Amino acid sequence: STLPGPAFPRYADPAALEAACAKNLATMQAAVKRLERRKADGAWLAAYDDINALAEDLAGPIYLLSNVHPDKPMRDASEACELRWQDFFSTLGQNETLYKAAKQVRPRDAIDRELLKFALESFEDSGVSLPPPQRRRAKAIQDRITELSQTFDKNIRDANVQVPFAEGELKGVPQGVWKNAKRDAEGRVLLGLDYPTSQPLLQSAVSGAARERMWRAKQNEGGEANLKLLAEITQLRLEYAQLFGFKSFADFTLRRRMAENTAKAQRFLEEVREAVTEREKRELEEMREAKARELGTPLAQTQFERWDFSYYNERVKQERYSVDQEALRAYFPPQESL
């Protein structure tokens, strides 16, 4: 059977992607102009929905390629196109003509009401109702956060961190994870930080030192540069919320959600913490006991570390419930599972 929607595009090179990007953005601009001229009648919401669907079809592949394409020049081209799409979306969110039209629409049923609610909230959250200076600042903040977030992800993706391990350190780790991996000049196995590699090692490596090195490398993805990016993003989000009269970005975001505000969310989280703390302590103690048994060390002298969690969680499950994650793999061969 054929999947709905257009086929995934294929770009021969970065220039082809850039040309397609310009063409698709021009297509969207023309579609917006048509919607601006449309009367705010009963069919307006369907036309607005078509605009969003078209944007998903045209922009979606670009965001995917930025993350998965194996060639850096293609990723760079798609990231540049992403920023152009961000400019389009932030401009669309502040389109006064469409916002005024949406406010005139009379929904015909529950589906219309929900879509109209979503549309109006999207426009308002983008700053369409703010005074012009604040509106311009809101757009600038949105665009800057997208740029910073893109750099944050790129710092992790393009770092290509490889952690070296002697084969002896990989005792317990399924061979499929490391047997065909590249080696360094000293013959050590080089393993990346991707989930299908790091998680099996953290779950299965008998060597605590090996688990620690992988855990620390994973925790430090992006390094100091990404900490600075997070700090700037956090400050920009606060400024964005303050443009709308909110004390925090959390309050700005939660007002549209079930939690409603930060105080209510914090109360809920505190209730959860109180409910699970004792259970969590018991489970951590069980894993510490399992570590002491395996290492043959006195329980009082056995320190349980963060990089021990996945490994001893697996050991306890195997001991208590005979659950072996690796044994389950045979029932889910990759191609058949896909």
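Predicted model: local features only at pLDDT ≥ 70, side-chain atom pairs only at ≥ 80, totals over all residues.

Let me start with a question: is Lys179 buried, partly exposed or exposed? The answer is partly exposed, since its relative accessible area is 40%, and that value falls between the limits of 20% for buried and 50% for exposed. As to its location, Lys179 sits in the loop that runs between helix H7 (175-178) and strand S2 (189-191). Glu167 is 12 residues away from Lys179 along the chain, and the C-alpha atoms of the two are separated by 9.2 Å.

Let me now step back to the protein as a whole. It contains 15 helices and 2 strands. Its radius of gyration is 26 Å, whereas the globule rule gives 20 Å for 338 residues; the value is well over that figure, so the protein is more spread out than a compact globule. Along the principal axes, the C-alpha atoms fill a box of roughly 75 × 55 × 45 Å.

What share of the 338 residues is buried? Buried residues account for 35% of them. The protein exposes about 20,900 Å², and 54% of that area is supplied by carbon and sulfur atoms. Turning to contacts between residues at least 6 apart in sequence, 64% of these join residues at least 24 apart. As for charge, there are 52 positive and 53 negative side chains. The centres of these two sets lie 3 Å apart.

The link of Cys21 and Cys81 is right-handed, with 100 degrees about the S-S bond.

Ala101 is part of helix H4 (residues 96-104). With a relative accessible area of 11%, Ala101 is buried, because the cut-off for that class is under 20%. Which residues does Ala101 touch, leaving aside those up to four places away in sequence? They are Ala40 and Trp44. Glu36 is 65 residues from Ala101 along the chain, yet the C-alpha atoms of the two are separated by 8.2 Å.

Ser204 lies in helix H8 (residues 195-204) and also counts as buried, at 11% relative accessibility. Once residues up to four places away are set aside, Ser204 touches Lys171, Gly172, Val173, Pro174 and Tyr311.

For contrast, consider Leu227, which is placed in helix H10 (residues 223-243). Leu227 is exposed, because its relative accessible area of 52% is over the 50% cut-off. Between the C-alpha atoms of Leu227 and Arg84 the separation is 26 Å, and these two residues are 143 apart along the chain.

Finally, I would draw your attention to the backbone. Most residues other than glycine have a negative phi. Asn160 has a positive phi, near 50 degrees, and is not a glycine. Where is Asn160 found? Asn160 is in the loop between helix H6 (132-157) and strand S1 (163-165), and it is exposed, with a relative accessible area of 54%.

Glu260 is another residue with a positive phi, about 75 degrees, although it is not a glycine. Glu260 is found in the loop between helix H11 (249-254) and helix H12 (262-295). At 43% relative accessibility, Glu260 counts as partly exposed.

Thank you for your attention.

Conventions. Residues numbered from 1 in each chain as written. Heavy atoms only, no water. Disulfide = S-S within 2.5 Å. Helix = DSSP H or I, 4+ residues; strand = E, 2+ residues; numbered from the N terminus. Rg over C-alpha atoms; globule rule 2.2 N^0.38 Å. Buried < 20%, exposed > 50% of the residue type's maximum accessible area, 1.4 Å probe, protein only. Contact = heavy atoms within 4.5 Å. Areas by Shrake-Rupley, 256 points an atom, 1.4 Å probe, with all protein chains shown as cover. Lys, Arg positive; Asp, Glu negative; His and termini not counted. Charge placed at Lys NZ, Arg CZ, Asp CG, Glu CD.
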